[in-house]
Amino acid sequence: MRDQDLRLLLPSVAVWIVTGVCLGATVRTAVMIAVGAALLGLAVAAMWCAGRLRWGFTGPALICALLAAGCATAMAMRLETRDRHPVHEMHGKVTMWLSLQEDPVPFGPVSAGTVRARVEIHAVARRSVPAASAELIGNAQSWANLSPGQRVRAVVTVGSARPGELVVARLRASGTPERLGRPPPMQRLAAHLRDRLQRSSSRALSPKASGLFPGLVLGDESALDPDVREDFRDAGLLHLTAVSGANFALVCGAVIFALRLGGAPPKVVVIAGALSIIGFVVLVRPSPSVLRAAMMGAVGLLAVLSSRRVQALPALGGAVIGGLVWWPELARAPGFVLSVVATAGLVVVAPGVRDMLRAARVPGGVAELVAMAVAAQVTTAPMIAYLSGTLSLVSVVANVAVAPVVAVIGIVGTAAALIGGIGGAQGIGMMASELLIRAMAPEMWWMISCAERLGSAQWAVIEIPDGWSGLAVATGLSATVVAAVAGARRIDGDGLRRALARCRRGLARWAP
């Protein structure tokens, strides 16, 4: 790999480490880190001026020091703003004016019937306060149907925030919130399209498939059957029901492919690709996790569609830096770690696997789908095993098996969601949407069957121990993945064809 491929690796790692440390620190600690990083940068610059260091080392070191100092300074300002907010030291029950920042998601045991959501505080007991984020826990029946952007008035009990967060407090809602007005037009449009997709799915597919289809297309798991969820988890397919970078790569890739096929100029292709990502963000509802997936999807798409990994790796580093600067709490979010690792797999591993498969005369489209599935699963398996406490032994096989239908379902499902929003509930738009979804019945059957067959095997999932032993197992898996990738990168197409030919000759020799 060329040296310039890694020019943003060290800066992104520096920003990640500094952000993660400052999240759990005090304002004074963040200021000390900023001053220390600035002094380190000055020392490196002075040694370069004195001729003791070469620019090849000085340049990257200065960039890392400056980014670390700037990041620590920004974190100190954010921590100061959080600590000075009126709600930060508040406790007890009070009436607040809030707006939802994201969709409420289930929290705790299923029997508890509670949801969790990030909200923005606007007023406390009729007194306006500076806008600040808080985490709210409420009853599912009262809060689950609220859309992001909806303003409400609610009685809440204020508690202290957990360490490592920039929210000013944790709120526990009492009773039913009073809605104030309507959500923003963008959120109403997204809710309308999601509702229409659920209706079309329930008419066109079986109960299990109809609950799964909106999750595969828009990340809507509200109607997902518990048995299907468990099968998908055991088979290592549950990540498909959440909006990830793969969803954005598929939708944007389909738009780019259609424009290229029609002979559109490069500028039009780039603009259309950007607009498709923005439109899909609106469709699945903007939130930090969705915007993070959009960034990683754009980087992954660049890696797969371009043979020049030199472009994709700096893009990944830039996306990591931008995401951490805009949402510092991503530094400690497991989902962000998985997104970065999966995207790195698409950037580093997928193109090599794709080229090897193409050299072995595997069709181009199949080679790209298989390469994406293998790269994402192999690189994220150690991290998933450590975070979830289980390791799926069939995840790679399952993801490769469903990769072709995932792409078709994602593209056709997005088109069905857009078309279904046109006209009335019984209009031609809904009829066309239902026909498109009905055509996906064989693909949905294949996905559910793969999850049931592979996930139901007793040996499909093994338990990973907690603590240091689990970390050691995950580290060993990561080392194995790195060794396998390093060995695979040395195999060219001719070598792969020769290996396959030797296998065929060996089988023919032992055949009767």
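Reply: Here is the overall picture, then the packing you asked about, then some single residues.

First, some ground rules: this is a predicted model, with residues numbered from 1 along each chain as its sequence is written. Local features need pLDDT of at least 70 and side-chain atom pairs count only at pLDDT 80 or more, while totals for chains, interfaces and linings use all residues, and side-chain values use heavy atoms, with hydrogens and water left out.

The protein chain has 18 helices and eight strands. Both are DSSP runs numbered from the N terminus: helices are H or I with at least four residues, strands are E with at least two. Of the 512 residues in the chain, 44% are buried. Buried means under 20% relative accessible area, exposed means over 50%, and partly exposed is in between, using a 1.4 Å probe and protein chains only. A contact is a case of heavy atoms within 4.5 Å. Among contacts in the chain with a separation of 6 or more, 73% are between residues 24 or more positions apart.

Now for the helix packing. Take helix α5 (residues 185-204) and helix α9 (residues 266-284): their axes come within 7 Å and cross at roughly 75°. That makes α5 roughly perpendicular to α9. The axes are lines fitted to C-alpha atoms, for helices over the stretch in contact, and the angles run from 0 to 180 degrees between N-to-C directions. On that scale, 65 to 115 degrees is roughly perpendicular, under 35 is roughly parallel, over 145 is roughly antiparallel, and the rest is oblique.

Which residues in α5 and α9 meet? From α5 come Met186, Ala190, Leu193 and Arg194, and from α9 come Val282, Leu283 and Val284. Sorted by class, this contact has six nonpolar residues, no polar ones and one charged one. Here Ala, Val, Leu, Ile, Met, Phe, Trp, Tyr, Cys and Pro count as nonpolar, Asp, Glu, Lys and Arg as charged, and the others, Gly among them, as polar.

Another crossing is that of helix α6 (residues 207-218) with helix α14 (residues 395-420), where the axes come within 9 Å and cross at roughly 95°. The contact of α6 with α14 divides into four nonpolar, two polar and no charged residues.

Next, a couple of loops. Pro104 sits in the loop between β1 (92-100) and β2 (105-107), and counts as buried because its relative accessibility is 14%. Pro104 and Ala144 are 40 residues apart along the chain, yet their C-alpha atoms are separated by 5.6 Å. Not counting residues up to four places away in sequence, Pro104 touches Val115, Arg116, Ala117, Trp143, Ala144 and Leu146.

Most residues other than glycine have a negative phi. Ala125, however, has a positive phi of about 55°, and phi of Arg126 is near 70°, also positive. Ala125 is partly exposed at 46% relative accessible area, while Arg126 counts as exposed at 68%.

In helix α4 (residues 140-143) you'll find Ser142, which is buried at 17% relative accessibility. Leaving out residues up to four places away in sequence, Ser142 touches Gly175, Thr176 and Pro177.

On to cysteines. With a disulfide taken as a pair of cysteine sulfur atoms within 2.5 Å, the count comes to zero. Cys22 is in no disulfide, and the nearest cysteine sulfur, that of Cys71, is 6.4 Å away. Cys22 is buried at 0% relative accessibility, and Cys64 is buried too, at 14%.

Finally, aromatic rings: the whole structure has three aromatic pairs. One of them joins Trp445 and Trp446, a tilted pair with 6.5 Å centre to centre and 45° between the planes. Rings of Phe, Tyr and Trp (its six-membered ring) pair if their centres lie within 6.5 Å, and planes under 30 degrees apart are stacked, over 60 edge-to-face and the rest tilted. Trp445 is exposed at 56% relative accessible area, whereas Trp446 is partly exposed at 35%.
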